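The following paragraphs guide the reader through one structure, element by element. Please keep the sequence and the three-dimensional view at hand while reading.

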Amino acid sequence: MLGNSLKLINLDRTINMSTSHTKDFMTSDEAAAWLNVRRQTLYSYVSRGLVRSVQSQSARERLYASEDLERLRQRSIVRDGQAAVAASALNLGPPIVVTSITEITPMGPRYRGRLAVDLAAQDACFEQVAELLWSGIWHDEPLVWQPAKRVTGRGIMLDELTRTMAREQIAEVFALAVMQLGMGRGTVQRRLTQGRPMEAARGVIQALTGCLGFYSKAGTYIPPNSSSTVVSSVFRALGKFPTEAEQRLLNATLILLADHELSPGTFAARIAASSGSALHACLAAALAANSGAEVTRRYDSIEQFLSHATSNSNTFADIGRRVKSGQGIPGFEHPMYPSGDPRAEWLLTQLRRRRLPESAEKALSIVARIQAHHGLHPRHELAVLLTCLALRLPTGAASGLFMLARLAGWVAHVLEQRLSPTLIRPRAKFV
């Protein structure tokens with residue numbers, strides 16, 4: 001018994017040590033040693049799409065994604081019965097939640113059986129897609145939500161400090177605004193038993209379009225107009241007067257971002273829903289989960305990379321050195337899409353067909369060159385940022401657009417989770 005305990009402790013130390021690897025990519029020898037397999041086995045993992053590989057500076061060598069290797073390593077430990085299954089399942093491992101909302105496929109997310117890229121291509125409106133996610137019902141005609149006057153008429157009450165910090169802490173501002181809107185609709189018990197969640201969801205999304213006004217020159221909350229689409233309210237808040245083509249492009253972007261299965265914010269929303277929380281509290285939990293560096297703030301790091309890349313004459317030399325040292329490039333390689341993120345590719349294809357501002361044109365050419373020279377695939381965040389450049393939107397707006405769009409998916413998951421009697425309460429393994 002003592003021997004088994006020591007074995008488990010040593011194994012857990014190995015697991016903890018494995019997460020401390022500082023390189024984003026490894027050589028074939030390093031990867032094979034990490035997994036304790038032969039290189040031929042490593043190559044088979046790559047061919048099956050389990051491990052992403054990229055071209056190194058040397059044409060004869062490829063590098064392998066460390067996070068994919070670590071995920072395989074933990075799954076092999078689980079199969080050997082030496083650690084809790086949850087250790088693997090909680091990091092892009094085996095499915096742990098049953099859902100009828102979104103399926104992740106090689107062609108991108110599929111909403112209730114409809115590919116997101118197809119919905120974007122057919123010029124569906126964001127409101128149609130939101131209602132599809134919530135109810136499973138497709139409305140053939142474009143929808144315009146009628147605003148609930150008691151929600152949008154009140155506006156969002158933010159103090160001076162909050163307004164000052166809004167651009168840097170937009171996720172927290174969204175969460176604060178959502179909680180204010182919820183408190184205006186009565187007690188938690190009343191909202192759970194007598195509320196109309198879809199009506200409330202429409203009101204939340206409409207009201208939060210105004211928070212994008214913090215990115216505009218006005219730098220303040222801009223309430224939406226009555227009977228305006230979500231897209232037109234977004235442009236109004238940002239102080240822009242778009243063409244019809246620009247409205248279609250932003251609308252498609254929101255559709256592509258509307259849901260992505262069990263992302264951190266979605267999981268947080270479902271946990272809150274399983275505990276009996278009201279819709280607004282669930283959405284606030286999701287927004288809080290998205291305030292970190294690995295989700296919403298990822299847009300900021302990619303935006304900084306693009307800004308540096310477009311203004312630096314040594315961009316490609318710097319990128320080459322970074323790849324050679326095993327470090328990733330911000331905005332590239334999504335672990336769920338080893339062959340490339342279809343959402344990103346769809347948006348980039350649209351941008352290539354447009355006449356772009358000089359900044360967007362230059363950034364797009366840099367992305368294309370990185371793809372060609374290193375075999376890296378752009379992520380959706382990078383494509384969204386390029387779309388914002390093409391639309392001449394203010395710096396930082398991309399993260400706000402992401403959260404606004406993802407509210408649609410979070411609402412759908414909250415509604416679905418409420419149908420389950422299960423409290424989401426995984427167990428922990430004490431070591």
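Predicted model: local features only at pLDDT ≥ 70, side-chain atom pairs only at ≥ 80, totals over all residues.

Attention may now pass to a loop residue. N36 is located in the loop that lies between α2 (28–35) and α3 (39–47). Although N36 is not a glycine, its phi is positive, at about 60 degrees. N36 counts as exposed because its relative accessibility is 70%, and the cut-off for that class is over 50%.

The next part of the account concerns the packing of helices. Two packed helices are described by the angle between their axes and by the distance between those axes. For helix α18 (residues 315–324) and helix α20 (residues 358–374), the axes come within 12 Å and cross at roughly 40 degrees. That angle makes α18 oblique to α20. The crossing in which α18 passes α20 is right-handed. On the side of α18, the contact is made by T315, F316, I319, G320 and V323, while α20 contributes I366, R369, I370 and H374.

Helix α20 has a further partner in helix α21 (residues 380–390): the two pack at an angle of about 155 degrees, and their axes are 8 Å apart. The angle is therefore one that makes α20 roughly antiparallel to α21, since angles over 145 degrees are placed in that class. In this case α20 passes α21 in a left-handed crossing. The contact involves S359, A360, A363, L364 and V367 from α20, together with L382, L386, L389 and A390 from α21.

How many of the residues of α21 are buried? The helix is mostly covered, for 10 of its 11 residues are buried. Among them are H380, E381, V384, L385, T387 and C388. The elements that cover the buried residues of α21 include α14, α17 (298–311), α19 (342–352), α20 and α22 (397–417).

After α21 comes R392, which is found in the loop between α21 and α22. R392 is not a glycine, yet it has a positive phi of about 60 degrees. Its relative accessibility of 52% is the reason why R392 counts as exposed.

Is H260 buried or exposed? With a relative accessible area of 7%, H260 is buried, because the limit for that class is under 20%. Leaving aside residues up to four places away in sequence, H260 touches T102, I104, P109, H334, M336, Y337, R343 and R406. With one of these, Y337, the side chain of H260 makes a polar contact of 2.7 Å.

Conventions: Residues numbered from 1 in each chain as written. Heavy atoms only, no water. Buried < 20%, exposed > 50% of the residue type's maximum accessible area, 1.4 Å probe, protein only. Polar contact = N/O pair within 3.5 Å; in protein donor to acceptor, adjacent residues only side chain to side chain. Contact = heavy atoms within 4.5 Å. Axes fitted to C-alpha atoms, helices over the stretch in contact; angles between N-to-C directions. Helix = DSSP H or I, 4+ residues; strand = E, 2+ residues; numbered from the N terminus. Parallel < 35°, antiparallel > 145°, perpendicular 65-115°, else oblique. Left-handed = near helix turned anticlockwise from the far one by under 90°.
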